[in-house]
Amino acid sequence: ISETMGLVRRGTFSDNQRWEITCGMRPLDDAQMFAQQVSAGFSESFYIRMPQTMTKKKIPDNIVYSSFEAYAGGKSSLSISGGAGVILPVGQFIKFAGHDKVYMVVASSYSLGRNTIKVEPKLRKAVVAGEQLMYGAKVTMRVLYGDGAPTVISYADGILSRYDSVQFVEAL
């Protein structure tokens, strides 16, 4: 995004995309996270559970979704089978079994026993027919610590360690 002298904003679109998460962490009663951060540094990736956006519709954890057919990388509209009539809601983060990349459902409909979803970003690689789709708490993302990750630990009450803000960047 750039702004002209006349305050007109100009933006460009890029198919390149990665998720960045900044969050606070609840106080911990041990130094495991700090030890993990020291050993991973800024160069070793690890997995975190992807937080889900707030939605009125909750999907039960035991529902199984899978790709109805094969899709080439670069596609964004997909047909998903399974789900027992439960529609994947817009805003849901998803991940295919054979992918490290996390996608977001930006449009969703249901017809003839299938969900038709649109994802952003477009698929980074092919999806095979029948490939399982993870949603909700099943979505993990491979990340690196962001540039702003704390390099020191602070304590509350001299016992509980605290991180007020931690940044995670999707490792692509």
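## Strand S5 and its partners

Strand S5 (residues 65-67) and strand S10 (residues 132-135) run antiparallel and are joined by two bridges, where strands are DSSP runs of E of at least two residues, numbered from the N terminus, and two strands pair if DSSP finds at least two bridges between them. This is a predicted model, in which local features need pLDDT of at least 70 and side-chain atom pairs count only at pLDDT 80 or more, while totals for chains, interfaces and linings use all residues. Residues are numbered from 1 along each chain as its sequence is written, and side-chain values use heavy atoms, with hydrogens and water left out.

Serine 66 has glutamine 132 as its bridge partner in S10, and serine 81 as its bridge partner in S6. With strand S6 (residues 77-82), S5 pairs in the antiparallel sense over three bridges.

## The closed barrel

Six strands form a closed barrel in the order S5-S6-S9-S8-S7-S10, with antiparallel pairing.

## Phenylalanine 96

Phenylalanine 96 lies in strand S7 (residues 93-96), and this residue is buried, with a relative accessible area of 0%, where buried means under 20% relative accessible area with a 1.4 Å probe and protein chains only.

Leaving aside neighbours within four places in sequence, phenylalanine 96 is in contact with residues including Ser67, Leu78, Ile80, Leu123, Gln132 and Met134, contact meaning heavy atoms within 4.5 Å. Leucine 123 is 27 residues away along the chain, and its C-alpha atom is separated from that of phenylalanine 96 by 9.9 Å.

Note on methods
Helices (H or I, at least four residues) and strands (E, at least two) are DSSP runs, numbered from the N terminus. Buried means under 20% relative accessible area, exposed over 50%, partly exposed in between (1.4 Å probe, protein chains only).
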